[in-house]
Amino acid sequence: MNALKKLFPRRLLEGLRYIRHGRLTWDRTLPSSVVSAAMTTKEEQALFTKSVKDVAGLKGEIIDLGCWLGSTTISLASGLRELNDPGKVYAFDRFIWEPWMDLYSSEHWCEYLPGELFLPETRRRMGDLKPWVVLVTADLTTYHWEGGAVRLVLVDAMKSWRLTTAIGREFYGALVKDALVLHQDYLSYNHPWLSVLQYRLRDYMRYETCVSHGATASFRLSKEIPSDVLLKAIDFSQLTDDEAERSWLWSLEVIGERARGTMACSKIMYYLGKGEIERSKVLLRESEKLQQIEPHNLTTVRQDIAKAEAGDHSWAEMNADRMFSHGTDAVGRNAA
Ligand SMILES: C[S@@+](CC[C@H](N)C(=O)[O-])C[C@H]1O[C@@H](n2cnc3c(N)ncnc32)[C@H](O)[C@@H]1O
């Protein structure tokens with residue numbers, strides 16, 4: 001496209017685009033080239049499509065939590081289409097643009113300011129997969145699922161202790177035996193609560209696989225989770241450091257070396273989230289010596305500690321939700 005821009009005047013290119021797409025696009029990236037806007041890797045997308053096929057024989061819905069511009073939804077819906085399955089992917093998001101989203105999409109059809117609704121853009125991106133998709137605008141901290149059994153849930157919205165409690169309460173109880181839970185953030189550097197939840201439910205879900213590129217790990221339900229067990233598992237108000245540390249060791253044990261760096265980060269970020277800056281610095285130094293953490297994560301963790309130490313107001317505001325003081329009991333009340 002850059003070569004074309006050099007050869008032809010801009011207005012001529014716009015004219016050609018108008019003929020092809022039936023509308024003026026000015027200098028914006030064209031729909032065909034933005035369909036891939038995603039926070040997931042190709043390997044993750046292939047795993048999502050394959051996972052839909054893995055649960056083909058089960059009854060229940062397919063859920064995508066935190067679909068953003070829909071790359072996860074497209075991967076899941078493609079699985080249904082390939083199977084000729086008339087089922088739907090229920091894709092949830094607030095669909096409200098946040099400043100950090102700009103970092104992940106230099107190219108999009110419309111330009112959004114923080115607070116603006118981007119639902120129509122996600123819908124447009126579904127293209128001919130629309131018959132397999134239901135986009136649901138919801139705040140998952142308060143949403144109540146009444147849609148019955150679930151055979152697959154892709155989780156990309158457990159961004160805090162509170163969201164973990166709320167999503168666990170609404171969707172984990174609906175999972176049928178052999179259902180899949182795909183955690184898109186499991187191997188990311190700052191989601192310490194995911195291991196805690198999966199560790200607490202280890203008698204009901206077993207680790208299945210993870211990607212080499214990306215952060216997804218998947219778990220399969222070996223038996224349905226009784227409601228009293230679930231309520232206990234999503235109550236973080238009584239979480240001790242000892243139990244949290246056991247959960248990261250457990251993740252390392254079941255996933256293996258691939259999880260070493262991110263579990264070391266989880267530990268650091270957990271203590272940082274509790275406001276224990278000195279402890280997180282000591283842990284960071286230990287991990288540096290052992291060269292446990294991948295370079296890109298190391299940079300981010302160092303920056304986060306430095307910002308917390310400097311009392312950076314905007315950092316604190318952005319991360320307020322991640323702090324452990326927001327750890328919640330089973331009904332989502334703040335523990336602090
Ligand atoms: C990391 S992005 C998801 C990226 C997307 N799954 C992909 O792979 O391209 C996380 C999404 O979670 C959504 N989200 C965060 N908190 C939410 C909440 N309380 N309720 C609903 N959606 C929420 C955000 O709007 C955002 O689109």
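## Basis

Residues are numbered from 1 along each chain as its sequence is written. The model is predicted: local features need pLDDT of at least 70, side-chain atom pairs count only at pLDDT 80 or more, and totals for chains, interfaces and linings use all residues. Helices (H or I, at least four residues) and strands (E, at least two) are DSSP runs, numbered from the N terminus.

## Helix H5

Asn84, with a positive phi near 60 degrees, follows H5.

Among the buried residues of H5 are Ile74, Leu76 and Leu80 (buried: 20 or more other C-beta atoms within 10 Å of the residue's own, with C-beta atoms placed from the backbone). The buried residues of H5 pack against helix H4 (42-54) and strands S1 (61-65), S2 (89-93), S3 (133-137) and S4 (150-155) (contact: C-beta atoms, placed from the backbone, within 7 Å).

## Strand S4

S4 is largely enclosed by the rest of the structure, because 6 of its 6 residues are buried. S4 pairs with S1 in the parallel sense over 5 bridges (pairing: at least two DSSP bridges), and Val150 in S4 stands opposite Glu61. S4 also runs parallel to S5 (residues 175-183), joined by 5 bridges; there, Leu175 is the bridge partner of Val150.

How values were computed: Buried ≥ 20, exposed ≤ 12 C-beta atoms within 10 Å, placed from the backbone. Contact = placed C-beta atoms within 7 Å.
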